[in-house]
Amino acid sequence: MLVSLLVFMGWLLLLGIVILLILMVKTLQVEGETNKIQRLLFPLVPLLIVSTAILTFDFPFKAYFLVFGELLVLIIFLLLILPNGEVITQDNPSSSGQLDERDIMFARANYQQGNENYRDYYSRNPQRKEIDDNIRSMPNLCSPGTFTYNPLDAAVADAAFVFLGDIRHLAEGEINSQKLEVESEKISLRLKGLAQYYGAKLVGITEIKPYHYYSHRGRHPEVYGEKIDKHDRYAIVFAVEMDYEIMKGAPQIQVVAESSRQYIEGAKIGMMLAYYIRQLGYHARNHMDGNYLVVAPLLAQDAGLGEIGRMGILVTEEFGPRVRLGVVTTDLPVIPDKPVDFGVQNFCIICKKCAQTCPSQAIPHGDKEKVGEIKRWKINQESCYTFWRKAGTDCGVCMSTCPYSKPNTILHKFVRFSIRRSQFARKMFLLLDDYIYGKRPLSLKKPKWMEL
Ligand code: SF4
Ligand code: SF4
């Protein structure tokens, strides 16, 4: 009787393993990784054959085998789904102080030798002059002399950035003088719905704190040094998804085409939100590529879209870092969301895959370090950007490497659910990720139209 019950349970477990195997094969097909299927079958097929034989044939001590095998599966399952291990959260960024946009690499790369902004910046930051002069002497992104350059493809991204520059001035606009009274809860849901309707994959809201805004502008010569002192009260933050297959080609030229395409998507969604809010009679500003007054990853983190990981940018639970962010700030009264904690801090400590694959070694391998008042992983933005200028693209190797970047299939949803709470799951799934995918997924395939 006992043996029959154990055999029945064994068949159920075996059925579960077969379903899991089918899901894994399907997932690899969706991800375009069919060449990895044999790595999956190699240990699982013998395991299935041995298990079937144990369940089918009678032999001495069969009950002990069954109890041992079934207990082992049960223990592994419980360790995957029940909370275990220390929970590490990140330091509250509220004590981090304001960043100055003049210090970010994109601003510094644009200072023209000899002009007033250049003199001002390097008289205050002489230690950065030599490295910045070196970077400026290198070819620009999408330019001849970079190792991915191809004039037909480079023009795709160039055209997108020219377009983004042309629409930048639309970020702010006239406000309808007829103000409509709104209910905060309803309008918050409506704005999130509108953002999704226009293509956002994730949307959240946060109340703005001083550290969300840059202290001064720096990105364009005409606004260099302008103090940012008019702050809106709320920010609607959204993310658009970058194409998984294209990002596997990082750091090739198709990656910068994809980034610019998603900057356009972000700009479009932000414009529609801002135009809509102004139509309702409230102030709204779209913060889009090249025209941010705010630090988008910090807002996104506080709005519950994700957490800042080892690579120094936002990691979302659904798409990893494989997103572009957009922000609309407003005085329309909306309801803020809460930050999320889905285990990234714990996972990044053991993972380190982005640090291992970064071609410029810009991502730290070690612990977080103290930056101002808070502890965080600090990437070397000069090394990172120097590599961009060599490659001629915005690289994206770290983005494509991150295990969280995998498409959000049922199987990956289960993995994400487990590593939220279980240290055992983090270690086990990291080993599996290494075994199945290697250090990073890679594909040099371009979109078909780009091959023409
Ligand atoms: S974008 Fe490339 S160079 Fe920069 S940190 Fe990521 S992997 Fe390293
Ligand atoms: S690759 Fe690993 S270490 Fe890097 S951000 Fe992603 S999870 Fe963290």
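## Salt bridges across the chain

A salt bridge is taken here as a side-chain nitrogen of Lys or Arg within 4 Å of a carboxyl oxygen of Asp or Glu, and the structure holds 27 of them. The structure is a predicted model, in which local features need pLDDT of at least 70 and side-chain atom pairs count only at pLDDT 80 or more, while totals for chains, interfaces and linings use all residues. Side-chain values use heavy atoms, with hydrogens and water left out, residues are numbered from 1 along each chain as its sequence is written, and chains are lettered from A and ligands numbered from 1 in the order in which they are written.

Among the salt bridges is a network that links Glu33, Lys36, Glu245, Lys248 and Lys445. Three further pairs are described below, after an outline of the chain.

## Overall architecture

The chain has 18 helices and eight strands, where helices (H or I, at least four residues) and strands (E, at least two) are DSSP runs numbered from the N terminus. Its C-alpha atoms fill a box of roughly 90 × 55 × 45 Å, taken along the principal axes. Of the 452 residues, 50% count as buried, a label that means under 20% relative accessible area, with exposed meaning over 50% and partly exposed lying in between (1.4 Å probe, protein chains only). Among contacts (heavy atoms within 4.5 Å) between residues at least 6 apart in sequence, 77% join residues at least 24 apart.

The domain assignment gives domain 1 (1-81) and domain 2 (93-401), with bounds that come from an automatic or database domain assignment. The C-alpha centres of domain 1 and domain 2 lie 45 Å apart.

Within helix H6 (residues 129-136), Lys129 and Asp133 lie four residues apart, about one turn of the helix, and they form a salt bridge whose closest N and O atoms are 3.1 Å apart. Lys129 counts as partly exposed at 33% relative accessibility, whereas Asp133 is buried, with a relative accessible area of 17%.

A salt bridge also joins Asp394 to Arg324, with the closest N and O atoms 3.5 Å apart. Because Asp394 lies in the loop between H14 and H15 and Arg324 in strand E6 (residues 323-330), this pair ties together parts that are 70 residues apart in sequence. Asp394 is buried at a relative accessible area of 9%, and Arg324 counts as buried at 15% relative accessibility. The side chains of Lys353 and Asp434 meet in a salt bridge as well (2.9 Å, N to O); since Lys353 belongs to helix H13 and Asp434 to helix H17, the pair ties together parts that are 81 residues apart in sequence. Lys353 counts as buried, at 1% relative accessibility, while Asp434 counts as partly exposed, at 28%.

Helix H12 (residues 344-351) is largely enclosed by the rest of the structure, because six of its eight residues are buried. These buried residues are Val344, Gln345, Asn346, Phe347, Cys348 and Cys351, and Cys351 has a relative accessibility of 12%. The partners against which the buried residues of H12 pack are strand E4 (307-308), strand E5 (314-315), helix H13 (353-357), helix H16 (410-421) and helix H17 (423-437). Just after H12, Lys352 takes a positive phi of about 65 degrees.

## The shell around ligand 1

Ligand 1 is surrounded by Cys358, Pro359, Ser360, Ile363, Cys384, Trp388, Cys395, Gly396, Val397 and Cys398, a residue being near a molecule or strand if one of its heavy atoms lies within 4 Å of it. The elements that give two or more residues to this shell are helix H14 (381-391) and helix H15 (397-401).

The shell divides into eight nonpolar residues, two polar and no charged; for this division Ala, Val, Leu, Ile, Met, Phe, Trp, Tyr, Cys and Pro count as nonpolar, Asp, Glu, Lys and Arg as charged, and the others, Gly among them, as polar. Cys395, one of the shell residues, is buried, with a relative accessible area of 8%. A search of the whole structure finds zero disulfides, a disulfide being a pair of cysteine sulfur atoms within 2.5 Å.

## A contact made by Thr409

Thr409 is found in the loop between H15 and H16 and is buried, with a relative accessible area of 16%. Leaving aside residues up to four places away in sequence, Thr409 touches Thr27 and Val30.
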